[in-house]
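Subject: Structure handover

Hello,

Please find the structure below. My notes follow it.

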Amino acid sequence: MIRNVEYADRKELQKTYLDGLRRYKCRGIPIIIDGEECPEKDWERIFEMSEDGGFYMGDYVGAEQGCLREIRFDKVYLCDPPEPAKGRTGGKRRRQG
């Protein structure tokens, strides 16, 4: 039951955040995700965390006059994303000798 309440609270906060983005969009501020202006139906992905540990970070970009020019979301990592293993079998090598 507690988990459902936490989920509902998180979804409500996400809805509130997306409503705010819609208000900016209505004022002509572009919402950019991964370098592209995305349709509103794609905005929810900014809340996702990928399997490799990446997540979206928002950046509010201003113009020289102090006005908001765009809102950007780019995927970031707390550390370097994992690199795929090349030719490894995953086992440890035994030392000969």
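β3 (55-62) and β4 (68-76) run antiparallel and are joined by eight bridges. Strands here are DSSP runs of E with at least two residues, and helices are runs of H or I with at least four, numbered from the N terminus. Two strands pair if DSSP finds at least two bridges between them. Keep in mind that this is a predicted model: local features need pLDDT of at least 70, side-chain atom pairs count only at pLDDT 80 or more, and totals for chains, interfaces and linings use all residues. Residues are numbered from 1 along each chain as its sequence is written, and side-chain values use heavy atoms, with hydrogens and water left out.

β3 and β4 form a hairpin. Five residues lie between them. In the turn, G66 has a positive phi of about 90 degrees. D59 stands opposite R72 in β4. R72 is also the bridge partner of I32.

Now the whole sheet. It is open, with four strands in the order β2-β1-β4-β3 and mixed pairing. β2 and β3 are at the edges with a single partner strand each, so one side of each has no neighbour in the sheet. β1 and β4 run parallel, joined by three bridges.

D34 sits in the loop between β1 and β2 (36-37). Its phi is positive, about 55 degrees, although D34 is not a glycine. D34 is partly exposed, at 38% relative accessibility. (Buried means under 20% relative accessible area, exposed over 50%, partly exposed in between, with a 1.4 Å probe and protein chains only.)

Next, the inside. The largest nonpolar core has 11 residues, among them L18, I31, W43 and F73. Such a core is a set of buried Ala, Val, Leu, Ile, Met, Phe, Trp, Tyr and Cys residues joined through side-chain atoms within 4.5 Å. α1 (2-26), β1 (31-33) and β4 each supply at least two residues of this core. Beyond its neighbours within four places in sequence, W43 is in contact (heavy atoms within 4.5 Å) with L18, L21, R22, K25, I31, I33 and C38.

Finally, the surface. Y60, in strand β3, is partly exposed at 39% relative accessible area. Y17, Y24, F47 and Y60 form a nonpolar patch there, with about 350 Å² of accessible area together. Accessible areas come from the Shrake-Rupley method with a 1.4 Å probe; for residues, only the protein chains shown count as cover.

Best wishes

Notes
Patches are made of residues with over 30% relative accessible area and no salt bridge: like charges are joined within 9 Å, nonpolar side chains (Val, Leu, Ile, Met, Phe, Trp, Tyr) within 5 Å. A salt bridge is a side-chain nitrogen of Lys or Arg within 4 Å of a carboxyl oxygen of Asp or Glu.
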